[in-house]
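Keep the viewer open as you read.

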Amino acid sequence: MLETVGADSEADLFDIPEAVRFDEEFGIEARSESAVRREARRTLGRNDDLTELLGRGHYDHYVPAVVDDLAGRQEFLTSYTQYQPEVAQGFLQALFEYQSMLAELTGLDVANCSMYDAATALGEAATLSQRVRSTSGDRVLVPESLREGKREVLEQYAAGPDIAVETYPTAEGTADVEGITAAIGDDVSMLYVENPTVSGAIEPALETLGEIADEHDALFCLGSDPVALALLERPADAGADVVVGEASSLGLGTAYGTGMGLFVAREQYLRQLPGRLVGAAEDASGRRAYTLTLQTREQHIRKERATSNICTNQAWLALRAAIHAAVLGPDGLVDLAERCARLAAETAERLDAVDGIRAPVHDRHHFREFQARTDQPARAVADDLESAGFAVHVVGDHRIQVCVTETTEPELDRFVEAMEVVA
């Protein structure tokens, strides 16, 4: 082949600048293990020790030690996609339990066992809406406050099938019903609503929004997460057809990158779900067994019948979420959710008592997080808070966003004291 293309060696096929070519020498002085450990401790010691009151899609909940202990077992940690059920019954059962938990939390019928993250789940919902809609439609409506990264991923998904991504207005941090009524039409294939929203506000008009979507034969897609779903109105009761979101709030903790998207839908859309589904069956001896019952990817079925080419093995993260949820149990999960709502309300009330701060900005109930208005420039307030050991989001010239969970609760007194100084 080299002769055919006129090259003397494989190296000639690559144009690698001399400055970055590997010359067989790393140029790293050999050190003993103890010396490397000392250097690592010294380097890591230079990191800022910040209490992160950050949210907007990434949430830090305490992950019990048993999650790491069980998920780290080699039969889970080294497992790939469970194509051979005869050797993967344990993992398949855990994924089946995960899907069952999501179905119970949402009230919907079918959940798949893995998506990359909330953004790709939203993109898959948009393309699903075009496949299942009985009339033509090429628009999807999303809130104007949709997080930028999620919007960009959605637009990438929408580009292929020529779906137009358009926004509707928000009011008080939640959907503007009148704005949606004016924006929606029979050419809208999906209406996407978040609960809680990116600002932490709880949507008060879910059923109304579901009725609006249904009147126009649009798919009603709701964005949420498992912890919030333990407390808030079940999406199915509000008329949701599909629920998407970030499931890594259980089992993973704050990762700022690694995620695990959830995707749950009504049974009528079973054949159109992306990814893979684990189901329960019987083996030749009549015993309960688990297997991948539906795989609608191009690799597995004819291309013209495939729904998506998403290739994710977030199954290990789904396993972690299932273990975490099982450890908490139904009562523990509700207790955690109630705690998130209470902490947000109490912290906003305490900040509102600080001169120069108004919180929450939106006249809504909040879950985990809320926005606060600052008399001082928000960037300056955030920089001063960082010097005091706290990280918050800057979301406007005079607006910050604060997220509180059980992991940051012990630091809230110190945070309020810092706000009294910097505000």
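Which helices and strands do the buried residues of H13 pack against? Before the answer, a word on the model: it is predicted, so local features need pLDDT of at least 70 and side-chain atom pairs count only at pLDDT 80 or more, while totals for chains, interfaces and linings use all residues. Residues are numbered from 1 along each chain as its sequence is written, and side-chain values use heavy atoms, with hydrogens and water left out.

Now the answer: the partners are helix H11 (315–352), strand E13 (357–358), helix H12 (378–387), strand E15 (390–391) and strand E17 (399–403). Helices (H or I, at least four residues) and strands (E, at least two) are DSSP runs, numbered from the N terminus. H13 itself covers residues 412–422, and its buried residues are Leu412, Phe415, Val416, Ala418, Met419 and Val422. Looking down the axis of H13, you'll find these buried residues within an arc of 160°, so they line one face of the helix; the arc is that of the directions from the helix axis to the C-beta atoms.

Zoom out, and the protein is divided into domain 1 (51–63 + 329–422) and domain 2 (65–322), with bounds from an automatic or database domain assignment. Their centres, taken over C-alpha atoms, are 28 Å apart. Across the divide, 28 residues of domain 1 are in contact with 31 residues of domain 2, contact being heavy atoms within 4.5 Å.

Next, the holes. There are four cavities of 30 Å³ or more. On a 1 Å grid over the protein atoms alone, a cavity is a set of points where a 1.4 Å probe fits but cannot get out, and lining residues have an atom within 4 Å of a point. Grid points are joined across faces, edges and corners, and a volume is the space filled by probe spheres set on the points.

The largest cavity has a volume of about 230 Å³. Of its 18 lining residues, Gly57, Tyr59, Lys150, Glu194 and Pro196 are the closest to its centre. The second largest cavity, at about 70 Å³, has Gly57, His58 and Tyr59 among its lining residues. Domain 1 and domain 2 both contribute to that lining, so this second cavity lies between them.

Methods:
1 Å grid on protein atoms, 1.4 Å probe; cavity = no way out; pocket = protein on both sides within 12 Å on 5 of 7 lines; lining within 4 Å. Buried < 20%, exposed > 50% of the residue type's maximum accessible area, 1.4 Å probe, protein only.
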